[in-house]
Amino acid sequence: MADYRKMWEDLGMDLETHDQLCAVLPQAFGDVYLSQENRPEGMDYYNMVVADIHGIRPAELIEHQKKGGKVFGTFCVYVPDEIVFAADAIATGLCGGSQFWVPGGEKVLPTNTCPLIKASVGARLDRTCPFFRIADMYVGETTCDGKKKAWEILGEDVPIHIMDLPQMKRAKDIKAWAEEIETFKNAVETFTGNQITAEKLSESIKLINGKRRALERLYELRKNEKLPISGCDALLISQIAFYDDPGRFTKMTNALCDELEQRVKDGVSVVPAGTKRILLTGTPLAIPNWKLHNIVETSGGIVVCEEMCTGTRYFEHLVDETKTEVPEQIEALAERYMNINCACFTPNTGRIDDIVRLAKEYKADGIIDVNLKFCNLYDTEGYLVERALKDAGIPVLGIETDYTDSDAQQLRTRVSAFIEMLNN
Ligand code: BJ8
């Protein structure tokens, strides 16, 4: 592994504390990932990305900045990356998925804030993540209350642009979202000094659609009876999609899918026939949150799909590529993004329809509805989701968890009992 200490120092990071994080990650990754049997060879690329997670990509982002380019840090799948890339800038996901950063967030946020927000704020304020240091501008959104207030705290430390996301899906809301994307475009143009032309936007729409198509192909392969890839590996790929170079990610994911298609033809499966197929739904699982997948897959089940922002919500629906004028392209973006079904919307029945549809498509035997502790939105929506699933005759287990390992044993007991029940 290359030595990135000078780079981290130049970023003003707290090296001593960061060393502690670097010391635990390889062990956690090894325990969850490298212990799996019969992994596809194409996973070597993603292993390498994680092994140098605070080195390779941050160095690329800094190179981009040295050439005058800007980096935007985002926290939500409603923020259209296409606008950023069309201005010759780079968008990178910033959501924190490690307990390591949570205490830093708790210094300024109420304890009863969800761990994703606490970890994201802690990673910035404690100066222990290069991505949070590198981003020239953050892009927030008005989704949940915790995030809205967190932007005010982060905004004291770093420039931030906030997108006002409507929370209903009437025609006027979609129009309002298009206007908000237009405002974002103007802000990105001013910040980067680059104009976003129809040609540039058309290119970036195709670039990001390419990533969506690659992920769709990967997920399509998970619908097979014989599973060519584990849920843990698929989750890792979804997580890496948020910050890897989009063109390279698409190429590597398509190469992996070639291998997986061959596996399907050869009848290769990562689990024995009859292993119970689990669909996960709920709050996002930001890297390195692999807890629940690991528990399911070491308790006799296999995760076949995630109805999550680190899953289908990220890649389903393409942006219309046929538009040639900026206003129409922005409308196409607004329409595509407003197809995402997050619990911050009311009503959000589309999400329930999605879960039932996905359960059929992926032949799920059961569903785990997972909620990050203190996420009121998904917790409350869980009532409607779980009732609808029971009505549809799909077994469901509701779980609330955080980033600590303190509940791992209890979760394992509950998940094992659920899978046992599916077996009977
Ligand atoms: S589109 S799920 S990425 S808002 S878990 S921070 S909602 S309290 S992450 Fe999200 Fe966009 Fe929706 Fe997806 Fe708040 Fe809940 Fe925490 Fe959440």
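Biologist: Which side chains does glutamate 307 meet in a salt bridge?

Modeller: Glutamate 307 pairs with arginine 351 through their side chains, at 2.9 Å from N to O. A salt bridge here is a side-chain nitrogen of Lys or Arg within 4 Å of a carboxyl oxygen of Asp or Glu. Keep in mind that this is a predicted model, where local features need pLDDT of at least 70, side-chain atom pairs count only at pLDDT 80 or more, and totals for chains, interfaces and linings use all residues. Residues are numbered from 1 along each chain as its sequence is written, and side-chain values use heavy atoms, with hydrogens and water left out.

Biologist: Is glutamate 307 buried or exposed?

Modeller: Glutamate 307 is buried, because its relative accessible area is 1%, and buried means under 20% (exposed is over 50%, partly exposed in between, with a 1.4 Å probe and protein chains only). Arginine 351 is buried too, at 0%.

Biologist: And what about aspartate 320 and lysine 323?

Modeller: Their side chains form a salt bridge at 3.9 Å, N to O. Aspartate 320 is partly exposed at 34%, and lysine 323 is partly exposed at 31%.

Biologist: How many salt bridges are there in the whole structure?

Modeller: The search finds 34. Some are linked in a network, with Glu220, Lys223, Glu316, Asp354, Arg357 and Glu361 in it.

Biologist: New topic: which residues of glutamate 306 and arginine 222 are buried?

Modeller: Both glutamate 306 and arginine 222 are buried, and their side chains meet in a salt bridge at 2.9 Å, N to O.
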